[in-house]
Amino acid sequence: MPKKIIISAFTVAAILGILFLACTQDEKSRLSSASQTQLNTLTKEEQASGWKLLFDGKTFKGWRGLGREEIPEGHWVIEQGAIKKVPSKDAPLQKDGQPLEGGDIMTVESFMDFELSLEWKISSGGNSGIKYNVSEEMSVSYPPKNAALGFEYQILDDERHPDAKKGDNRTAAALYDLIAPQGKKLKPVGEFNQARILFRGNHGEHWLNGVKVLEYDLNTPRMAQLIAQSKFKDIPEFAAKRKGHIVLQDHTDAVWFRNIKVRELESLENEAPQLKKSFREDKNGWIYVHLEGTPGEIGFQQGFHLAPEIDDALQMFAFYLERATNHAWKFYREAAENIFWPKIEKEYQEEIEGIAAGLSARFPEKKYDKFDITALNGWIELAMYYFPYLEEKAKQGAGNNKAPSFCSAFIATGSYTEDGQIVIGHNAWVDYIVGERWNIIADIVPKKGFRILMDSFPGYIHSGDDFVLNGAGIVYTETTISQFKGFKEDGTPEFMRARKAAQYADSVDAFISIMCADNNGAYANDWLVGDLKTNEIARLELGLKNKRVWRTKDGYFIGSNFPSDEKLIAEETTFNPKDSSLSVLIRKARWEQLMEENKGKINAEKGKLFEGDHLDISSGAVASNSNVLCGHVEDDPRGLPEFIWTPYFPGGAVQGKVTTAKLAKSLKFWARMGHPCGQDFIASKFFEKHPEYRWQEKFLKDMRSHPWTLFDTATFVTPGSEF
Ligand SMILES: [Zn+2]
């Protein structure tokens with residue numbers, strides 16, 4: 001059975017691949033040749049890839065008035081190879097002196113999944129639009145009777161028409177009254193603009209002059225909310241996907257259309273049924289993905305929905321890891337194949353293969369495979385544990401490792417929290433070039449095991465920085481053990497154990513047992529775990545040779561990368577617990593102070609403040625450096641000496657998450673993308689001050705801080721899902 005699923009995923013990948021590839025090539029060739037070729041004709045390539053002309057340049061063949069048999073007389077003419085809307089004030093009068101009625105014109109044919117390409121030119125101060133997904137029957141049942149109801153690619157003179165002042169979602173190329181275009185390059189009034197509309201399955205895109213300016217997905221909470229706030233809110237069937245007409249709008253002003261071409265596409269859902277239960281929603285800097293089904297389906301859904309982000313992440317790592325770790329991506333892939341792959345259970349192998357298949361369906365020319373995805377999942381284990389272990393093996397002392405000192409976290413319960421129940425919070429520290437991409441919220445409904453809600457990274461099967469809730473009431477997070485060394489080649493990768501714990505742990509004991517089973521020592525952490533059912537919290541300090549567990553139903557555990565077990569410290573780290581200059585210990589002291597000061601008051605709002613905290617307890621002052629819980633190493637002249645971060649290294653806290661028992665029981669958590677304190681990181685300003693890091697410029701972008709956002713599996717639920 002699983003084998004069958006994989007085969008079908010690859011078949012689908014191949015079919016989709018051809019379409020997507022053709023799509024980009026077409027777009028390029030059309031843009032470059034539109035001005036040189038004859039108007040209203042198709043090139044041989046266009047014909048070969050299924051394009052059809054919707055306008056022959058001379059007649060209205062294939063068009064009629066909406067709600068009419070004919071083109072409304074006097075209102076629409078053909079002029080210099082373009083369909084022109086005659087300004088209504090210039091339209092001829094009837095014999096009785098009344099103005100002739102105008103109205104929209106529409107294609108006789110209707111289209112379900114398609115790509116539309118045309119050129120449009122608006123008159124000064126003018127307004128018009130291209131409507132699609134139009135039901136003639138529905139349109140005529142609402143007044144005015146010859147005006148179409150449907151999604152509208154807005155056409156406007158943005159400078160002069162007053163509608164532009166009512167909101168960006170009413171400017172040219174907008175999805176009218178719903179979504180504003182972004183990054184558009186509009187031609188001046190009097191010149192033709194090139195529009196492209198892609199409408200396939202539930203997915204829609206608007207393009208203007210070669211730039212994608214917006215996209216959306218139907219049947220999503222985002223769309224429901226946009227429609228509820230729009231003038232379409234009282235039209236129940238408005239957003240239903242249908243085989244619809246394409247319409248040119250009569251808004252009384254002069255407008256021209258030419259080179260109108262359409263290409264019908266295969267329905268996505270028919271081709272890739274495994275996408276059916278899944279969706280993607282972008283919200284406040286995060287990308288929420290709902291993944292549901294068998295391992296292969298979950299993987300394919302992720303690979304497909306996050307393809308641009310996974311591709312970007314793989315390109316970034318191929319560039320960055322070679323420079324930062326002296327090992328090219330090839331070494332990562334080989335290690336993934338030889339060290340990790342044989343230790344990954346079948347279920348997760350299938351999910352990884354699914355991710356590669358979904359990614360290939362979108363980007364067949366890129367040739368990514370399961371080992372790229374495996375290496376991506378385990379890059380920290382390889383870069384910071386395996387490679388130093390190899391060096392150590394080759395020459396004793398060479399691999400004197402500095403395992404990462406990443407993250408600030410807490411878990412509290414009993415008399416420490418406001419309601420006596422568990423509160424948990426975490427902020428992730430990592431190189432900004434990586435962390436600004438750590439913006440996935442994964443909502444996974446696996447065929448077996450519990451539903452999972454976690455933050456994650458594109459292409460991961462696990463959380464990675466580890467902030468995880470599951471349907472059995474288990475919550476967990478971690479911070480790494482600073483200055484740890486050790487790796488076991490034939491152990492099970494940490495990323496698989498962590499994912500397995502997320503999916504199958506229903507108690508603190510089960511969590512501990514999954515994490516410890518066949519431990520490979522990589523990404524050695526102090527795990528903070530809680531059971532909402534019992535109100536118990538625990539800390540699992542898991543080295544390779546040593547481990548220790550602390551548990552309580554009344555108290556707190558904190559994480560700032562410090563190990564506590566003396567034997568583990570002595571045998572497995574170079575950490576000096578007496579060195580009070582370490583960020584690790586300064587943050588530990590601040591955590592203890594915050595926990596005691598807020599005893600009995602800790603709740604989600606407090607947790608947000610803790611994760612964005614900027615008090616440097618070593619000086620007693622508010623600071624921006626590596627000593628504060630919301631780390632900003634980019635402002636620290638010392639860098640992070642207990643780790644490999646050099647002075648002013650662009651790394652630190654990249655996002656934060658907080659939840660309470662009450663929220664977590666119904667799978668909800670708060671998350672903030674960007675520094676949890678709310679500060680923006682602006683790459684250009686950083687490079688001006690620190691040109692020594694300019695080599696990262698190709699991939700290090702701005703990391704803006706977004707508002708705290710509540711992620712809720714109940715409101716992000718997919719229609720038809722059992723949940
Ligand atoms: Zn901060």
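Helix H6 (residues 295-305) is mostly covered, with 11 of its 11 residues buried. Buried here means 20 or more other C-beta atoms within 10 Å of the residue's own; exposed means 12 or fewer, and partly exposed lies in between, with C-beta atoms placed from the backbone. Among the buried residues of H6 are Pro-295, Glu-297, Phe-300, Phe-304 and His-305.

This is a predicted model: local features need pLDDT of at least 70, side-chain atom pairs count only at pLDDT 80 or more, and totals for chains, interfaces and linings use all residues. Residues are numbered from 1 along each chain as its sequence is written.

**Overall build**

The protein chain holds 19 helices and 30 strands. Helices (H or I, at least four residues) and strands (E, at least two) are DSSP runs, numbered from the N terminus. The radius of gyration is 29 Å, close to the 27 Å that the globule rule gives for 723 residues, so the chain is as compact as a globular protein of that length. That radius is taken over C-alpha atoms, and the rule is 2.2 Å times the number of residues to the power 0.38. Along the principal axes, the C-alpha atoms fill a box of roughly 100 × 50 × 50 Å. Buried residues make up 52% of the 723 residues. Of the contacts with a separation of 6 or more, 68% join residues 24 or more positions apart. A contact requires C-beta atoms, placed from the backbone, within 7 Å.

The chain is divided into domain 1 (25-31 + 59-271) and domain 2 (408-716). Their centres, taken over C-alpha atoms, are separated by 48 Å. The bounds come from an automatic or database domain assignment.

**Strand E6**

Nine of the nine residues of strand E6 (residues 114-122) are buried, so E6 is largely enclosed by the rest of the structure. Phe-114, Leu-116, Leu-118, Trp-120 and Ile-122 point one way; Glu-115, Ser-117, Glu-119 and Lys-121 point the other way. In a regular strand the side chains alternate between the two faces of the sheet.

E6 has antiparallel bridges to E9 and to E13. Strands count as paired if DSSP finds at least two bridges between them. Leu-116 stands opposite Ile-197 in E9, and Lys-121 stands opposite Trp-256 in E13.

| Strand pair | Partner residues | Bridges | Direction |
|---|---|---|---|
| E6 and E9 | 193-200 | seven bridges | antiparallel |
| E6 and E13 | 255-264 | eight bridges | antiparallel |

**The nine-stranded sheet**

Nine strands form an open sheet of mixed pairing, in the order E14-E15-E18-E19-E20-E21-E22-E23-E24. E14 (279-283) and E24 (547-552) stand at the edges, each with a single partner strand, so one side of each lacks a neighbour in the sheet. The twist averages 15° from one strand to the next. Axes are lines fitted to C-alpha atoms, for helices over the stretch in contact, and angles run from 0 to 180 degrees between N-to-C directions.

Three bridges join E19 (residues 452-456) to E20 (residues 467-470), running antiparallel. Leu-453 has Leu-469 in E20 as its bridge partner. Helix H13 (residues 494-504) lies across E18 (440-446), E19 and E20, at about 150° to E19. Helix H14 (residues 508-516) also packs on the sheet, touching E21 (474-480), E22 (525-531), E23 (536-542) and E24; its direction makes about 15° with that of E23.

**A helix crossing**

The axes of H8 (residues 329-340) and H11 (residues 379-394) come within 10 Å and cross at roughly 95°. H8 and H11 are therefore roughly perpendicular to each other. That label covers 65 to 115 degrees; under 35 is roughly parallel, over 145 roughly antiparallel, and the rest oblique. Tyr-332, Ala-335 and Ile-339 in H8 meet Trp-379, Leu-382 and Tyr-386 in H11.

Key
Contact = placed C-beta atoms within 7 Å.
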